[in-house]
Amino acid sequence: GCPFYCTYCYLQGTGRGNKNPRYRPISKVIKAIDKAFKDKYFLKHHSVFNSGELSDSLMNPSYMKQIADFFETQDKHKLLLLTKSHRVEWLTKKPRKQTIASFSLNANEVWKRWEKRTSSPQQRITAAKELMESGYEVRIRIDPIFPIENWKTHYEDLIYSTFSELPSNPDRITLGTPRGLAKTLMFAKDRSWEKVAFTDKPEFTGWGKKAPKPLRKEIYLFFFDKFDNLGFDKSRIAMCKETKSMWKDLGLNYRECKCNCVW
């Protein structure tokens, strides 16, 4: 669950309309992580443990601090924090080698319309800067990209605001466009984003309803061009939950991508 209210969030479907956070005792969480560390697979393979799939990683810093500290007891696996928050004081006070910070960013206009209760994009960028300066690996996720009116101008502003403020380039960038899973659309209380996200001719994929393929391709090519102008390595850009045909059309190999959630 998550206390933030992004009106397009798929957790609305996961929880059948109930997104309220439900906590497990922290002692059980630590015990489960320790058990995973001792599993045969994880003893052989470096892995990234993503804490931001079913919640915002920084929605309860007092809990996440204990988890991050436990990851410091070993040097094989990393903890990934994925967030729309700027509450990073506890991270800057005590830098950690086994924690990766990933900030979900969006255009200011999208934030105003559909990312309720979250930190502003500027607050998130400032938090990313603070963590970079503290020695953390920082990743950026721009997802979901909405084709709102004048979307190129809005997202160009986001791109240049991010790159101008960060002291160095993010380790990697992941892009994505809205996904309309059936349950998400069924339980979303505010569906004002739906028509903007998919237009009148959506494509139906294994990841749910999407904007038409030509529009998605235009969006990705726009971002690739901007990042290229900024000297960002294309091999460090990936697309989240996108079709194989889109990867092929863009001349990219999804098997070799450096995505947000992987090592």
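Predicted model: local features only at pLDDT ≥ 70, side-chain atom pairs only at ≥ 80, totals over all residues.

Visitor: Which residues have the most contacts inside the largest nonpolar core?

Guide: A nonpolar core is a set of buried Ala, Val, Leu, Ile, Met, Phe, Trp, Tyr and Cys residues joined through side-chain atoms within 4.5 Å; buried means under 20% relative accessible area, exposed over 50%, and partly exposed in between, with a 1.4 Å probe and protein chains only. The largest such core has 69 residues, and those with the most contacts inside it are Phe103, Tyr155, Leu175, Phe223 and Phe227.

Visitor: Which helix gives the largest share of this core?

Guide: Helices (H or I, at least four residues) and strands (E, at least two) are DSSP runs, numbered from the N terminus. The largest share of the core is seven residues, and they come from residues 213-229, that is, helix 11.

Visitor: At what angle do helix 8 and helix 11 pack?

Guide: In their contact, Trp151, Lys152, Tyr155, Glu156, Ile159, Tyr160 and Phe163 of helix 8 meet Glu218, Ile219, Phe222, Phe223, Lys226 and Phe227 of helix 11. Axes are lines fitted to C-alpha atoms, for helices over the stretch in contact, and angles run from 0 to 180 degrees between N-to-C directions. The axes of helix 8 and helix 11 are 11 Å apart, and the angle is about 35°.

Visitor: How is helix 2 oriented relative to helix 4?

Guide: Helix 2 (residues 26-37) and helix 4 (residues 61-71) pack at an angle of about 25°, with axes 10 Å apart. Angles under 35 degrees count as roughly parallel, over 145 as roughly antiparallel, 65 to 115 as roughly perpendicular and the rest as oblique. Helix 2 is therefore, relative to helix 4, roughly parallel.

Visitor: Which elements do the buried residues of helix 4 pack against?

Guide: The buried residues of helix 4 are Pro61, Met64, Ile67, Ala68, Phe70 and Phe71. They pack against helix 2, strand 2 (48-50), strand 3 (78-83), helix 5 (89-93) and strand 4 (99-105).

Visitor: Which residues does a cis peptide bond join?

Guide: Most peptide bonds are trans. Here a cis bond has an omega of about 5°, and its proline lies in the loop between strand 6 (137-142) and helix 8. The residues joined are Asp143 and Pro144.

Visitor: What is the phi of Thr199?

Guide: Most residues other than glycine have a negative phi. Thr199 lies in the loop between helix 10 (194-198) and strand 8 (203-205), and is partly exposed because its relative accessible area is 30%. Its phi is positive, near 55°.

Visitor: Is Gly231 buried or exposed?

Guide: Gly231 is in the loop between helix 11 and strand 10 (237-239). Because its relative accessibility is 57%, Gly231 counts as exposed.

Notes: Residues numbered from 1 in each chain as written. Heavy atoms only, no water. Contact = heavy atoms within 4.5 Å.
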